[in-house]
Amino acid sequence: MAAPITTNMVGTWKKYLLLFAQEHIEFRLPELHSILAIFNIKADIEEIEDSKCPFIVLNLPDEESGKNIMSRTVLGKYLMEIWASGKSYPELYEKLRQCPSDMIAPYCRADTTLKVRVSAFGKTMKQPRQWKLIDEVTDVIPFKGKVELTNPEHTFYILEYYGTNPNEAPDEPYCIHFGRWITDGSRSLIDKYSVKKRHFIGNTSMAADLSLIMANQAKVTTNSIVLDPFVGTGSLLVSCANYGGYVMGTDIEYNVIHGRGKTSRSQARSKYRERDESIRTNLKLYGLGKYYLDVMVADSSRNLWRQQDVFDAIVTDPPYGIRESTKKIGTNKDSSQEDDQGAGHIPSTIGYHLSDIFTDLLNFAACYLRLGGRLVYWLPVSRADYCPSQIPDHPCLRLVANSEQVLTGVISRRLITMEKVKDVQGLHDCDATSAVIRNDMYDGHNAIRKKYFIPRSERQKPEKDTNTRTETP
């Protein structure tokens, strides 16, 4: 456990501003906390009044810590070292004049190149005003270097904040920050791993940005062993392999695992998959082939693993019964199979209730995750009926984060992150040893599907929640 942050420690640290992309707002802090845990970075995050604010202010021990954070985050756009902040420009300029000379001197030499950029959040800023602000700030700070717009040694930002509602933006900004750009985030990975460019995809292939966020929240690092028990076309394996994790997966769908059947591409030359379409091919095309362990056809409801805590992370997107059916091996008929017929037998399947899918998943994670390992999965919910008791619980797993992604006016899904804090063998006889869901939301077959296709006249509107729905430690 990390040592507590003291006031004396924070007093010697520098302030940094982390600007986020305007998407997946509820996932920002869970991803950031996970990255801090990956690098064991001590950070003091200043509180913000509006959860939709596009930036947060961090107190960090050094610049290298900030660069480590940005090397992993896909929600952060850029990080800058704050030199001064104010509620007006006279206040900002006065604080800039008070900046220690030893802090600004390395960036004011004549042999350096620089660029000053101006941006405003919540309001459009015209170019003449930008030029005016640049002239003013360069009068306050004695920059002597040459202006270089294409590839400067140092970039500085003036950032104005007018609130999150452009229709109600005030005449003057709520606050202004000036600082030195440190580095950009890793948002280029979203385009690199876009499913639009991927060779092997399916109807439910996870978008690259969400896959990378899940890998971050699972704390996947070099040599991690990662499993996706509902692997599908392996989008989550690609993101985990990007961070150096050795990946494997299982799925009950034979055609998906072996890359057979009809293609999901609308403009494909053939309506059937090509012979080289597979999860392994995707990883090889990205240069990640060495991280591929294996995928296999298996039923998640039937345990095939030897009892051991082998996985560092379990990252998955279970089927909800909307675009992919929920099923497991079984039959409703009273029939049997002779042993000599077993070799070529394709078993029949029956419905797999969502309540069983999630309790089986948590029970599996409690047994096969290493201590400190994480389970990251999607939980579908009815927005009007959601309550925290719908989140599955296990005595060996601690809830780390719970963030909502709205899908429709009726259905959303929540990214649940849990960490193994106790071994199953360490439970006492009087303790509960299995996962439970203290709500009947997922009872019955196709529970979410019935909510999804409910007639519009019978729908209930979800209650508006002005507070953030993200839960973090």
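I began with helix α4, which lies across β4, β7 (154–161) and β8 and runs at about 85° to β4. I took helices (H or I, at least four residues) and strands (E, at least two) as DSSP runs, numbered from the N terminus. Axes are lines fitted to C-alpha atoms, for helices over the stretch in contact, and angles run from 0 to 180 degrees between N-to-C directions.

I noted that this is a predicted model, in which local features need pLDDT of at least 70 and side-chain atom pairs count only at pLDDT 80 or more, while totals for chains, interfaces and linings use all residues. Residues are numbered from 1 along each chain as its sequence is written, and side-chain values use heavy atoms, with hydrogens and water left out.

**Eight-stranded sheet**

I looked up the strand order of the open eight-stranded sheet and found β2-β3-β1-β4-β8-β7-β5-β6, with mixed pairing. Two strands pair if DSSP finds at least two bridges between them. The edges are β2 (44–45) and β6 (146–147); each has a single partner strand, so one side of each lacks a neighbour in the sheet. Strand β5 (residues 113–121) runs parallel to β6, joined by two bridges. I found Lys146 in β6 to be the bridge partner of Thr113. Helix α3 (residues 63–70) packs on this sheet and touches β1 (14–20), β3 (55–60), β4 (76–86) and β8 (175–184), its direction making about 75° with that of β8. Contact means heavy atoms within 4.5 Å.

**Aromatic pair in α4**

I then returned to α4 (residues 89–97), where Tyr89 and Tyr93 are four residues apart and thus separated by about one helical turn. Their ring centres are 5.6 Å apart and their planes stand at 45°, so the pair is tilted. Rings of Phe, Tyr and Trp (its six-membered ring) pair if their centres lie within 6.5 Å; planes under 30 degrees apart count as stacked, over 60 as edge-to-face and the rest as tilted.

**Seven-stranded sheet**

I read the order of the open seven-stranded sheet as β11-β10-β9-β12-β15-β17-β16, with mixed pairing. Its edge strands, β11 (292–297) and β16 (397–406), each pair on one side only. Nine bridges join β16 to strand β17 (residues 411–420) in the antiparallel sense. Thr417 in β17 is the bridge partner of Ala401.

**Helix pair**

Lastly, I examined α8 (residues 208–217) and α9 (residues 235–242), which pack at about 55° with axes 8 Å apart. Among the contact residues are Leu212 of α8 and Leu236 of α9.
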